[in-house]
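Here is a short briefing for a first look. Start with the sequence and the structure below.

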Amino acid sequence: MVGNASRAAITSDRRVTGLSAEVIAELVTELGPLWHERHQARLASRPRKRAVGAGAKHRLVFVDRLLATLVHLRHGVTHDVLACWFGVDRSTITRAIGEVRPLLAERGCTVSPGLRLRTLAEVIDYLGASGKTGIIDGTEIRVRRPAAGRKDRDAFISGKNKQNAVKTMVVTDGDGRLLFCSQAKPGSCADITHARQLGLVKLLADGPAVEILADAGYQGLGAQTGGRVITPPHRKFKKNAPDWYEAMYERQRKAHSSRRIRVEQGIAHLKNWRALTRHLGRREHMSHTVQAIAGLLSHQQTADLTSARPM
């Protein structure tokens with residue numbers, strides 16, 4: 001395990017974990033008891049020859065497990081390097097990240113110090129209650145190619161980038177603050193299909209009046225949601241368009257793009273975390289990874305906004 005001086009150096013420099021020391025302290029307070037509770041439940045759930053608590057003790061306390069997970073997500077540091085850094089075996093780091101990452105993913109996106117959004121339904125209700133505009137977009141994360149002979153091997157090939165990838169849908173508000181990241185789907189899944197599978201059409205049709213901005217990949221949702229999903233204007237002239245139409249079309253397209261660009265900025269902040277630029281681990285872990293990073297980033301954004309407000 002790392003010493004107090006090394007631990008203080010990790011938490012004090014935001015470049016190492018991507019989070020401030022205050023946010024890390026909140027995570028330790030919130031997740032520490034939950035991790036301990038689940039750990040004890042695992043110990044008690046299996047047949048044992050010795051009492052719970054007997055045998056070797058943990059060399060890696062929870063705060064070090066959390067820090068190792070944050071460094072791994074932020075910089076893509078391998079488990080071997082983290083094992084040398086924290087003075088434990090590689091399997092200990094692998095187990096620690098596997099335990100902490102789901103805890104981070106379950107937290108949801110922090111909107112205010114007392115409010116978190118964990119499901120798409122909660123996001124729609126929040127946007128309706130606050131009167132804010134939502135923006136949706138899909139983003140792809142490159143992953144390892146599935147093994148030869150796997151039945152669904154071609155499902156991960158993205159038609160857009162021609163690479164093996166998984167896709168997730170991101171929802172931000174009009175200011176680009178993260179509100180939701182969906183579970184990952186294979187890269188061949190179209191953006192509009194993913195949105196329908198998440199239940200967005202039903203939530204908008206049955207829920208509060210909400211304005212959702214989207215790109216051309218979601219054209220068709222507007223008609224299904226009573227005009228609540230706004231996409232770029234259709235081009236009525238394929239060729240030989242009049243000059244007045246070209247000017248009008250470009251003006252409308254740029255006006256929509258200037259409002260929707262905030263979601264691209266929110267996705268760019270996500271991709272600053274190395275684990276989402278190219279994922280080299282198991283594809284099954286991508287849902288937890290992207291949701292964990294989205295929750296951490298939204299928490300830090302909320303903390304920054306709160307500290308910046310005048311007293």
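D191 and K167 are both buried, meaning under 20% relative accessible area, with exposed over 50% and partly exposed in between (1.4 Å probe, protein chains only). The model is predicted: local features need pLDDT of at least 70, side-chain atom pairs count only at pLDDT 80 or more, and totals for chains, interfaces and linings use all residues. Residues are numbered from 1 along each chain as its sequence is written, and side-chain values use heavy atoms, leaving out hydrogens and water.

**Salt bridges**

- The structure holds 16 salt bridges, each a side-chain nitrogen of Lys or Arg within 4 Å of a carboxyl oxygen of Asp or Glu.
- D191 and K167 form one of them, at 3.2 Å from N to O.
- D191 lies in helix α8 and K167 in strand β4, so the pair ties together parts 24 residues apart in sequence.
- Helices (H or I, at least four residues) and strands (E, at least two) are DSSP runs, numbered from the N terminus.
- E264 bridges to R260, with the closest N and O atoms 3.2 Å apart.
- These two residues sit four apart in helix α11, about one helical turn.
- E264 is partly exposed at 29% relative accessibility, while R260 is buried at 11%.

**Nonpolar cores**

- The largest nonpolar core has 50 residues; L19, L27, F86, I93, L104, L270 and L296 touch the most other members.
- A second, separate core of 23 residues includes M169, L179, I192 and L200.
- Such a core is a set of buried Ala, Val, Leu, Ile, Met, Phe, Trp, Tyr and Cys residues joined through side-chain atoms within 4.5 Å.
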